[in-house]
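Here's a quick tour for someone who likes cut-offs spelled out. Take a look at the model first, and then we'll walk through it.

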Amino acid sequence: MYPDTMKHKASLWDGEAGNSHHITDVHWEGDITQQELADVADQVSADWRTIDLELDPAHPNHGNTYRLSKTIWPSAEDEAFALSVLEAEDELEGHHVWVHCCRHVDDAAGELEDATGRTYRQLFNTIMFCVEFSSFDEIAEQCDEHFGQDGWDEYELYLDDELPQPVATYD
């Protein structure tokens with residue numbers, strides 16, 4: 001058996017095994033490391049997520065399928081943002097915050113502009129509530145409870161431990 005003359009095949013897929021589409025097949029002769037194979041796959045298509053390896057029929061392990069999955073690491077910007085969110089949550093935890101939700105309404109004459117260039121105006125709900133902060137996700141869940149899951153687009157937090165609890169709310 002001569003490893004340099006063996007021809008192996010790798011099938012590149014755009015998703016997880018069993019739930020993806022075939023991109024292409026890559027053939028090579030001889031041994032290759034997983035990192036070298038991943039580098040070749042990156043050159044072929046940045047969209048690959050899974051590689052199924054099939055060894056040459058003359059290889060003693062022929063018939064076994066080997067799978068290599070692409071490790072998706074968050075970008076440095078995503079990591080920095082996630083860290084800043086955690087730090088902000090730690091800083092706010094236990095403090096009372098006032099939550100003010102708003103909804104965006106498309107309006108050609110609106111004074112605000114979204115990321116796609118559409119103008120809109122904001123309608124602020126008249127209900128503000130005060131809560132002890134635990135996480136941004138919990139604030140979002142409470143906005144859902146007050147305004148419905150599609151009843152708001154964003155919220156603002158106001159921090160003031162001296163503000164009293166509201167004595168009444170109006171829906």
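Predicted model: local features only at pLDDT ≥ 70, side-chain atom pairs only at ≥ 80, totals over all residues.

## Ground rules

Let's start with burial: a residue is buried under 20% relative accessible area, exposed over 50%, and partly exposed in between, using a 1.4 Å probe and protein chains only. The areas themselves come from the Shrake-Rupley method with a 1.4 Å probe, and for residues only the protein chains shown count as cover. With that scale, D42 comes out as partly exposed because its relative accessibility is 37%.

Residues are numbered from 1 along each chain as its sequence is written, and side-chain values use heavy atoms, with hydrogens and water left out.

## Overall layout

The protein chain has 3 helices and 8 strands. Both kinds of element are DSSP runs numbered from the N terminus: helices are H or I with at least four residues, strands are E with at least two. Reading from the N terminus, the order is β-β-α-β-β-α-β-β-β-α-β. Of the 171 residues in the protein chain, 26% are buried.

## Salt bridges

How many salt bridges does a search of the whole structure find? It finds 5, where a salt bridge is a side-chain nitrogen of Lys or Arg within 4 Å of a carboxyl oxygen of Asp or Glu. As background, side chains of opposite charge can pair when their charged atoms come close.

One of the bridges joins K7 and E29, with 3.9 Å between the closest N and O atoms. That pair links distant parts of the chain, since K7 sits in strand β1 (residues 7–13) and E29 in strand β2 (residues 22–29), 22 residues apart. K7 counts as exposed, at 52% relative accessibility. Another bridge runs from K9 to D25, again with the closest N and O atoms 3.9 Å apart. K9 is in strand β1 and D25 in strand β2, so this bridge ties together parts 16 residues apart in sequence. Both ends are partly exposed: K9 has a relative accessible area of 24%, and D25 is at 31%.

Then there's K70 with D42, whose closest N and O atoms are 3.4 Å apart. K70 lies in the loop between β4 (65–69) and α2, while D42 is in helix α1, so the pair ties together parts 28 residues apart in sequence. K70 is partly exposed at 23%. Back on the K9 side, salt bridges with shared partners join K9, D25 and E54 into one network.

## Aromatic pairs

The structure holds 2 aromatic pairs. Rings of Phe, Tyr and Trp (its six-membered ring) pair if their centres lie within 6.5 Å; planes under 30 degrees apart are stacked, over 60 edge-to-face, and the rest tilted. The F133 and F136 rings have centres 5.1 Å apart and planes at 70°, so that pair is edge-to-face. F133 is buried at 1% relative accessibility, whereas F136 is partly exposed at 22%.

W152 and Y155 make a tilted pair, with 5.8 Å from centre to centre and 50° between the planes. W152 counts as buried, at 14% relative accessibility.

## The loop between α1 and β3

Two residues are worth a look here. S45 is in the loop between α1 (34–44) and β3 (50–54), and W48 is in the loop between α1 and β3 too. Buried or exposed, which is W48? W48 is buried, at 2% relative accessibility, and S45 is buried with a relative accessible area of 12%.

What lies across from them? W48 and L12 are 36 residues apart in sequence but 5.9 Å apart in space, C-alpha to C-alpha. For S45 and D14, the figures are 31 residues in sequence and 9.1 Å in space, C-alpha to C-alpha.

## A negative patch

E87, D90, E91, E93 and E132 form a negative surface patch. Patches are made of residues with over 30% relative accessible area and no salt bridge, with like charges joined within 9 Å and nonpolar side chains (Val, Leu, Ile, Met, Phe, Trp, Tyr) within 5 Å. Lys and Arg count as positive and Asp and Glu as negative, leaving out His and the chain ends; each charge is placed at NZ of Lys, CZ of Arg, CG of Asp or CD of Glu.

Helix α2 (residues 76–92) supplies the largest share of the patch, 3 residues. E93 is in the loop between α2 and β5 (96–106), and E93 counts as exposed at 51% relative accessibility.
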